[in-house]
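Subject: Structure for your review

Dear colleague,

Please find below the structure that I promised to hand over. I would be grateful if you could read it alongside the notes that come after it.

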Amino acid sequence: MAIKQISIFVENKKGALADVLKCLSDNNVSLRAMSIADTKDFGILRIIVDDKDAAIKALTDGEIVFSVNDVIAAEAADVPGGLASVLKVLMDADIDLEYTYAFVVEDGQRACAILRISDIELGEKVLTEAGVPMVSEEDILRI
């Protein structure tokens, strides 16, 4: 149940992020999840969108550097330790976590963790076997 995430190279300069987001907005692409990690010179904007084909076309037409990656999404309880319990399942299965970001779906009830892991198929399997609900791309689009 891999989800397509778009990773965009963004220069760390005034207006660069706004320009990328405007490019997407001008093409009727809505963000469903977003994370940005930056350094002094650049950042990597990671997004899940409502229309990945439109996003890819807009970014390509705008000559914006990007890549498309597979990630998975897992539901976690929106309580202290909710995400930690999900990550422990992966750790116990010796699955490496490259990065994660999360957003609350229902305050005080559930959150969604986007996970970039070393083995997507195995990760989905061990999380499902541990009773962790997986979130599909279609589920995210309905949020």
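This is a predicted model: local features need pLDDT of at least 70, side-chain atom pairs count only at pLDDT 80 or more; totals for chains, interfaces and linings use all residues.

Residues are numbered from 1 along each chain as its sequence is written, and side-chain values use heavy atoms, with hydrogens and water left out.

Helices and strands are DSSP runs numbered from the N terminus (helices: H or I, at least four residues; strands: E, at least two). In helix α1 (16-26), the residues A16, V20, C23 and L24 are buried (under 20% relative accessible area, with a 1.4 Å probe and protein chains only; exposed means over 50%, and partly exposed lies in between). Seen down the axis of α1, these buried residues fall within an arc of 95°, so they line one face of the helix; the arc is that of the directions from the helix axis to the C-beta atoms. Their cover includes β1, β2 (31-38), β3 and α2. After α1 comes N28, with a positive phi near 60°.

Helix α2 (residues 52-61) has A55, A58 and L59 as its buried residues. They cover an arc of only 95° around the axis, which puts them on the same side of α2. They pack against β1, α1, β3 (42-49) and β4 (66-77), where contact means heavy atoms within 4.5 Å. The exposed residues D53, K57 and D61 sit on the face turned away from that buried side. At the N-terminal end, D51 caps α2, with a side-chain oxygen 3.3 Å from the backbone nitrogen of D53. Just after α2, E63 takes a positive phi of about 55°.

Leaving aside residues up to four places away in sequence, Q5 touches several others, including R46, I48, N69, Y99 and I114.

Finally, the largest pocket holds about 160 Å³ of space. A pocket is an open set of points on a 1 Å grid over the protein atoms alone, where a 1.4 Å probe fits, with protein on both sides within 12 Å along at least five of seven lines; lining residues have an atom within 4 Å of a point. Its volume is the space filled by probe spheres set on the points, which are joined across faces, edges and corners. Among the lining residues are F9, K13, D19 and I64.

Yours sincerely

Notes
A polar contact is a pair of N or O atoms within 3.5 Å; within protein, one must be able to donate a hydrogen and the other to accept it, and residues adjacent in sequence count only if both atoms are side-chain atoms.
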